Amino acid sequence: MSAISYREALRLALDEALAKDERVFLMGEDVGKYGGTYAVSKGLLEKYGPERVRDTPLSELGFVGAGIGAALGGMRPIVEVMTVNFSLLALDQIVNTAALLRHMSGGQFSVPLVVRMATGAGRQLAAQHSHSLEGWYGHIPGIKIVAPATVGDARGMLGAALADPDPVLVFEYPALFETKGELSAEAIDIASSKVRRQGSKVTLVTYGGCLPKALKAAEEVDGEVIDLRVLRPLDLAPVIESVKKTRRAVVVDEGWRSGGLAAEVMARIMEQAFYELDAPVARVCSEEVPMPYAKHLEEAALPQPEKIVAAVKGLYA
Amino acid sequence: MKVPPPPSGKVGLPAELSLALLADMLRIRRMEEKCAELYSEGKIRGFLHLYIGEEAVAAGAMRALAPEDNVIATYREHGHALLRGVSMDAIMAEMYGKREGCSGGRGGSMHLFDAAARFYGGNAIVGGGLPLAAGLALAAKLQKDKRVTACFFGEGAVAEGAFHESMNLAQLWQLPVAYLCENNLYAMGTALERSESQTDLCAKAASYGMATLKVDGMDVAAVHETAQRAREYAAKKGPIFVELQTYRFRAHSMFDPELYRDKAEIEQWKTRGPIHTFTARLKAQKQLTEERFLELDGAAQAEVDKAVAFAEAGTWEPAEDLTKDVYTPA
């Protein structure tokens with residue numbers, strides 16, 4: 001198979017999902033006529049029509065709630081919220097309804113809803129389009145959080161999310177849209193983390209837009225890179241296995257440091273592998289500042305390969 | 001606000017239907033009076049929002065719906081659940097927090113659910129059910145189902161963005177949904193004119209191009225006729241908004257000292273009480289005798305006694321099962 005881009009993989013996944021199941025429909029702001037803010041859904045309106053590729057008004061709360069209702073009513077909606085920052089307008093429906101309904105109803109109503117959104121920085125989109133809040137969503141029981149970082153996951157995770165009976169939030173990374181890779185025939189799950197590079201000196205735990213940065217840093221420090229892929233529920237078994245071998249770990253997370261996902265991963269490593277460690281677990285997160293516009297400042301705010309290398313060296317100092 | 005005169009005049013419904021509506025209202029009233037008692041005894045805890053005074057709305061509307069329709073309600077939904085077909089046993093057990101409750105003890109008073117009755121809750125976020133109703137209606141439309149979605153909510157919800165977004169979506173997409181606004185004049189303790197620049201609720205829906213109806217929510221016969229029209233409209237034409245003007249006789253919840261309204265106002269509204277005014281009208285037109293009334297009331301009371309016994313005999317879910325319904329088992 002020839003190489004395709006992350007963006008093309010996302011589009012292929014949507015196309016396959018719409019073709020495969022009549023109950024699937026896509027709705028969101030500018031998914032149809034405009035072709036998707038990031039051109040992910042380009043061409044799908046022409047192929048599937050306005051009932052199944054449905055443009056919505058700018059009503060994140062309304063159409064995410066309608067997605068929940070449609071899921072309850074027997075459909076398999078894919079709701080696109082342009083960016084994670086905008087998803088905050090729909091937070092009530094995601095957190096107070098989608099995540100709670102099954103438990104609150106004593107197991108009577110599952111919500112087979114998929115919500116997709118762009119997240120993360122790297123394109124100079126400034127503070128209201130660049131934050132990385134997926135770890136924040138990972139706090140909430142009742143939803144699943146997935147973060148495709150490879151072309152294979154960009155293509156495969158959507159189908160797995162649609163097959164899941166519970167709400168799944170899919171976070172897509174504009175910083176990765178132009179990256180290319182090969183698709184494989186391997187089945188994609190939304191339950192496990194994966195080793196993306198073997199190494200012996202340190203375990204680098206990351207996900208999403210930071211994966212290429214961790215891989216780059218790993219070249220320099222002989223790191224083993226683990227892609228979490230799924231932020232809720234977390235699968236740390238491969239991380240613990242790796243730490244037993246490397247005896248050191250750095251968590252690389254584009255979210256802010258305080259109260260973030262990196263802290264959760266570090267705590268679990270401490271709980272499960274404290275005596276395997278030769279150094280405290282370290283982390284590289286975004287600086288605690290709203291994302292700035294200027295390129296050099298944006299770069300300074302984000303985790304970078306050099307910062308990861310420095311953190312690893314700190315463990316050997 | 002000037003309190004209108006009590007509902008009066010001839011009830012034009014078939015006698016049998018009128019008696020059924022009366023029985024429905026009595027079932028809610030007796031159940032909730034018992035709930036208040038059980039709350040004082042500590043058998044029911046949490047928030048308990050009573051519907052007493054507003055029964056004509058749920059009674060009149062629910063009998064206008066078809067079995068295949070979807071129903072969404074708020075945290076003041078005991079009556080809606082009951083008349084939609086959730087057993088009083090299961091409702092009472094839920095209030096007790098027992099496993100036999102209609103939400104397995106996970107929901108309580110504010111979160112009654114029943115998949116078989118297509119009763120989607122029990123939503124305690126004001127306005128939270130409105131987008132959901134639009135989505136259920138969208139699913140029905142896409143699947144070419146004949147079902148209508150009926151969404152009950154209070155007038156407090158019209159201040160929420162969810163209301164406006166839902167009105168727009170429903171009208172834009174011509175969804176088969178009836179938005180039934182129970183206007184009891186107070187959002188908790190805030191009177192309508194203290195919170196809304198536009199107090200004509202139908203005007204708000206109409207501004208989205210939506211069809212509207214307004215009815216005296218204390219008159220069960222009028223509610224029923226209006227709800228039938230609304231259901232038919234939603235099924236054949238598109239979304240519709242109905243304002244049902246009603247009044248809550250009890251406090252907002254069991255914790256409310258009612259500092260925000262006069263006792264005299266409550267007493268005046270009680271003269272419009274949906275049960276006694278309807279009873280008097282049916283008696284006046286010789287469709288109801290005192291004996292028949294006592295029979296209906298006795299049956300409601302017996303149902304309550306049975307439900308309490310059921311709830312008392314219910315069991316507690318083992319705490320080991322705490323997390324079993326967070327995700328769907330594989």
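Let's start with the buried residues of helix H11 in chain A: Leu261(A), Ala262(A), Val265(A), Met266(A), Ile269(A) and Ala273(A). Buried means 20 or more other C-beta atoms within 10 Å of the residue's own; exposed means 12 or fewer, partly exposed is in between, and C-beta atoms are placed from the backbone. Seen down the axis of H11(A), these residues fall within an arc of 140°, so they line one face of the helix. That arc is taken from the directions from the helix axis to the C-beta atoms.

A word on the source. This is a predicted model: local features need pLDDT of at least 70, side-chain atom pairs count only at pLDDT 80 or more, and totals for chains, interfaces and linings use all residues. Residues are numbered from 1 along each chain as its sequence is written, while chains are lettered from A and ligands numbered from 1 in the order written.

Back to the helix. What is exposed on the other side of H11(A)? Ala267(A) and Glu271(A) are. The buried residues of H11(A) pack against several elements of chain A, including helix H10 (237–246) and strand S13 (249–256). Contact means C-beta atoms, placed from the backbone, within 7 Å. Helices (H or I, at least four residues) and strands (E, at least two) are DSSP runs, numbered from the N terminus.

Now chain B. It has twelve helices and eight strands. Buried residues make up 53% of its 330 residues. Its C-alpha trace spans about 55 × 50 × 40 Å along the principal axes. In chain B, 75% of the contacts with a separation of 6 or more join residues 24 or more positions apart.

Technical notes
Contact = placed C-beta atoms within 7 Å.
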